[in-house]
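Please look at the structure below before reading on.

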Amino acid sequence: VISERGWFSFKRALDEIQKEVPDFAPEAGKTYGKGKQLQRNKNEKRKKDSEGADNVESKSAENHEEGGAADAEADVNRNILDSKKISIKAKRFFFDFLENDQGRYVKMAEVRRSKREVVRVPKDVFPVLINLLDNFINEDFETEVEGIEQLELPTTDTEDHTTLASRSIDLEELLQSDGGEVDAGRKYTIDLRENKYGRFLRFCEHRTTRSNCVFFPSDNFQEIRDILQGFQDME
């Protein structure tokens with residue numbers, strides 16, 4: 001039989017052991033179990049994110065379908081004429097040359113992990129884009145290109161980038177001048193920017209209900225220009 005004094009001595013000894021070795025505490029097993037469960041949850045999340053990125057890329061490269069109903073509707077009843085792909089580190093760029101009842105166009109998709117941005121450009125715009133890219137490749141930021149409006153640059157730079165050139169294309173005005181079918185309310189803005197990582201092109205498509213933008217590094221301007229030229233030359 002342990003005396004009351006002996007029992008208190010034994011309890012103090014246990015308390016000292018728990019201070020020096022925390023895992024000896026009765027709750028330590030539960031804490032360890034929670035830690036393992038949290039790690040399993042993190043691993044499962046990484047796996048889902050990876051699978052999501054693979055699925056998005058697969059849709060772009062093979063099925064040429066969009067995640068949303070509105071985007072899918074835009075490509076209904078179309079034929080795939082050609083497809084190109086550019087890989088830049090963690091990013092993938094897909095250029096799908098398509099044709100539907102309204103004519104031919106390129107669908108440009110930027111895929112990064114599980115995020116995807118898409119812009120569509122009718123073939124009528126290819127020549128002005130090719131000319132603009134030629135200027136930017138030659139570091140000519142001043143020469144005007146017919147069909148493209150030259151916008152004023154911001155008077156002050158932002159903290160993360162500097163705008164070197166800014167352009168706008170009003171698709172309605174461009175197609176009217178060429179005698180083509182008018183697509184009201186659709187515009188494009190093209191900004192050549194520079195940050196600590198280098199130069200890049202911000203290309204945005206603006207519709208009445210939404211805007212989408214893709215970002216192209218300057219190292220790939222020539223490759224993008226050649227892709228558009230190849231699509232332009234197709235019979």
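Is the crossing of α4 and α6 left-handed or right-handed? The crossing of these helices is left-handed, a term used when the near helix is turned anticlockwise from the far one by less than a right angle, with right-handed used if clockwise. This is a predicted model, in which local features need pLDDT of at least 70 and side-chain atom pairs count only at pLDDT 80 or more, while totals for chains, interfaces and linings use all residues. Residues are numbered from 1 along each chain as its sequence is written, and side-chain values use heavy atoms, with hydrogens and water left out.

The protein has 6 helices and 9 strands; helices (H or I, at least four residues) and strands (E, at least two) are DSSP runs, numbered from the N terminus. Helix α4 covers residues 126-137 and helix α6 covers residues 221-233; they pack at an angle of about 155°, with their axes 10 Å apart. That angle makes α4 roughly antiparallel to α6, since angles over 145 degrees count as roughly antiparallel. Contact here means heavy atoms within 4.5 Å. On the α4 side the contact includes F126, L129, L133 and F136, and on the α6 side it includes F221, I224, L228 and F231. The residues of the contact of α4 with α6 divide into 11 nonpolar, 3 polar and 2 charged.

Of the 235 residues of the protein, 34% count as buried, meaning under 20% relative accessible area, against over 50% for exposed and in between for partly exposed (1.4 Å probe, protein chains only). In soluble globular proteins, nonpolar side chains tend to be buried together. Leaving out residues up to four places away in sequence, V121 touches Y105, V106, M108, F126, L129, R186, Y188 and F203.

E173 lies in helix α5 (residues 171-177) and counts as exposed because its relative accessibility is 55%. E194 is found in strand β7 (residues 187-195) and is partly exposed, with a relative accessible area of 30%. E194 and T163 are 31 residues apart in sequence, with their C-alpha atoms 6.5 Å apart in space. Apart from neighbours within four places in sequence, E194 is in contact with D160, H161, T162, L164, R199 and F200.

Note on methods:
Axes are lines fitted to C-alpha atoms, for helices over the stretch in contact, and angles run from 0 to 180 degrees between N-to-C directions. Angles under 35 degrees count as roughly parallel, over 145 as roughly antiparallel, 65 to 115 as roughly perpendicular and the rest as oblique. Ala, Val, Leu, Ile, Met, Phe, Trp, Tyr, Cys and Pro count as nonpolar, Asp, Glu, Lys and Arg as charged, and the others, Gly among them, as polar.
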